[in-house]
Amino acid sequence: MSHARLHVSALHKAFGSNLVLRGLDLELAPGEIHALVGGNGAGKSTLSKIVAGLETRSSGEIWLNGKLFAPASRQAAQAAGVVMVLQELSVLPTLSVAENLFLSELPARVGVVNRKRLHADAVRALERVGLSALDPETSAGSLGVGHQQLVEIAAGLCKQCEVLILDEPTAALSGAETQTLFALLRTLRAQGTTILYISHRLEELAQIADRVSVLRDGQMIATKRTDETTRDELIQLMAGRAVALTGAQGGRLKGKRILAVRDLCAGRAVRGVSFDLRAGEIVGLGGLVGAGRTELLRVLFGADRADRGVVYLGDDDEPFLPRSTAESVQCGLAFVPEDRKHHGILATQSVRTNASLTRLPTRGGVPGWIDAAAERLGVSELLEKLKVRFSDQEQPIAQLSGGNQQKVVIGRWLRRDVDVWLLDEPTRGVDAAARQGIYELLNTLAADGPAMLVASSDYEELALLCDRVLVMSNGRITAEFTRENLTPDAFMAAAFAGFSQEQSVN
C-alpha cells in the first residue's frame, strides 16, 4: 500500500437491497494509466463516483498516498487531488465555454471577474484538447456533444490533480480528437499523474493503458497488463462467456423508397444534403465531430427547422418538412438522440414512464384516460423482450446502467409503427454484450421493412451494421460507400474532404 497512489480495499456499495459493489479491491500506482472495463451495471461508475466523492460507500476503505481517504463531496475530493470527468455531460448551456472551464475558480478581483484573464486561461485550456479554433466566449449550449465532451475534459485538466478519473472520455470523439487526448494523457502520466480510464472501447486500451481491471456484477474479476491480454479475452472476462460482435449476415433485400432528401440546408451545419433511404436497409452516417450528422437528424425529425430543401416520404410527390416532432411521429418517424441524459430519458421518472412515452394505452380509446394495467403489462413484455436489467418498473430510470437506459430509449419506439428510424450514436457508452444486442435488434427491425439512418463515430460499427455509409464533412455529404468498398483510409479521407474543399473555394 505504501507504494500505491490509490488503494481501495473491501469496498461494498448497496442501493437499498441492491448490492452493486461486493468486496472490491483495486490498487493504482503513481504515473499509471489504469483502465477499468466491465459490462453495463458492473459497477464501474459507482466505484469511480465513490472515489471522486459523488457517492458514499457502504463499507470498506480507500487510501490516498498512504492515508485514509473518505471525501464527503466532489469538492473535498478535488481539494485532495482527485478529479473526475463524468460521462454524463454537465456543462451549463447558458454560460460561455470559458465560464464552464473555470466555474469553481473564476479569476476575479474585488468580486469582479477578470474577463481578460479568463479568456487567456480558457484559450490555453482549449489548446490542450485540440480546440484552439473554438472561441471561449461561445455559448456552451450551442456546441455539439463531442465538443462539449472536450470542454468537460479541458475543465478537469485545469485542476491540479494526482488522480484523474475519466469516464468514457472518447465516446463522442473522432479518431483525431481521441489521439490528441491520448497524447495529453501520456504527458500527464510522464509527470506522475495517476489516471483511471473507464471505457467500453476495448481497442483503445492497448494504445493508452498500462494495466486493465475487469469488473463483473460488482466484483473484481481480473487485473492484467494490457500487453499480456487481448480484446477477446477481456470481453470473455466481462461477460463470463465469449461474445463476438457481428453485424448483418449477408445482403438485405431493399424495398421501395421510403425517404428522399433533396438539397436540405440548415445554417452552416447542413449544406445541400441529398440522399435516399429504402425499405429494409440500414444506412450509416459517418464523419468527424461537428460534421453535421446530429443537426441533419434533428432537422429530419422536426426538432430544428430547415432553411431550404425538401423531403419526400414514400412515393409521395408532396414535399414533407416536419413543423414539429409530434408531426414527425405521426408520419412514422422515430428518433433516438445522441445525448441520452438530456434528450433521451426523463431521469427522475420511472422505467415504466420512460418506456411508455411514445404511446400510452387508453381505456375505451378515451384520450387522457390511461389504462394503467395495460401499460404495466405492455412495459413488462417490452423490457423482457429487450432483456433490460431493472429491479422494478417504478425504479427511477437514472438508476439503470447506461446500456439498459439505451435499450429503453430504443425499445419504446416498438410501441408504434415506424417507417423511418433516425438513430444518433445508438451504442454510445454501451458494453460489448449490450451493443451486440442492439445490433441484433436493429437488424431484426430492418428485416421487417423500415429504413434506418444510423449516425455513428465508430467506424467498426458502421462497417458491421450498415448496407451503405454516407460520410458527412463540414455539413455536406462527401462520399457514399457500400459495405464492400468501405475502407478506413477512404472513410477518413472523405471525413476531411469537406474542409479541404471549403479551403480551396476560399
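The model is predicted, so local features need pLDDT of at least 70 and side-chain atom pairs count only at pLDDT 80 or more, while totals for chains, interfaces and linings use all residues. Residues are numbered from 1 along each chain as its sequence is written, and side-chain values use heavy atoms, with hydrogens and water left out.

I begin with two helices. Helices here are DSSP runs of H or I with at least four residues, strands are runs of E with at least two, and both are numbered from the N terminus. The axes of α5, residues 145–157, and α6, residues 175–190, come within 12 Å and cross at roughly 10°. Axes are lines fitted to C-alpha atoms, for helices over the stretch in contact, and angles run from 0 to 180 degrees between N-to-C directions. Helices α5 and α6 are therefore roughly parallel to each other; angles under 35 degrees count as roughly parallel, over 145 as roughly antiparallel, 65 to 115 as roughly perpendicular and the rest as oblique. On the α5 side the contact involves His147, Leu150, Ile153 and Leu157, and these meet Glu177, Leu181, Leu184 and Leu188 of α6. Contact means heavy atoms within 4.5 Å. The residues of this contact divide into six nonpolar, one polar and one charged. Nonpolar covers Ala, Val, Leu, Ile, Met, Phe, Trp, Tyr, Cys and Pro; charged covers Asp, Glu, Lys and Arg; the others, Gly among them, are polar.

Buried means under 20% relative accessible area, exposed over 50%, and partly exposed in between, with a 1.4 Å probe and protein chains only. Just after α9, Gly302 takes a positive phi of about 85°.

Rings of Phe, Tyr and Trp (its six-membered ring) pair if their centres lie within 6.5 Å; planes under 30 degrees apart count as stacked, over 60 as edge-to-face and the rest as tilted. The count comes to four aromatic pairs. One of them is the tilted pair of Phe301 and Phe335, at 5.3 Å centre to centre and 40° between the planes. This pair links helix α9 to strand β17, residues 333–336, across 34 residues. Both Phe301 and Phe335 are buried. The rings of Tyr459 and Phe491 have centres 5.4 Å apart and planes at 65°, so that pair is edge-to-face. Tyr459 lies in α16, residues 459–465, and Phe491 in α17, residues 488–505, 32 residues apart. Tyr459 is partly exposed at 24% relative accessibility, whereas Phe491 is buried at 7%. Phe301, Phe335 and Trp413 form one aromatic cluster.

As for cysteines, a disulfide is a pair of cysteine sulfur atoms within 2.5 Å, and the count comes to zero disulfides. For Cys158, the nearest cysteine sulfur is that of Cys161, 11 Å away. Cys158 is partly exposed, at 22% relative accessible area.

Glu32 lies between β2 (18–28) and β3 (33–38) and is buried at 6%. Its C-alpha atom is separated by 6.4 Å from that of Asp210, 178 residues apart along the chain. Ser96 lies between β6 (82–85) and α3 (97–101) and is buried at 7%. Leaving aside residues up to four places away in sequence, Ser96 touches Pro136, Glu137, Thr138, Ser139 and Ala140.
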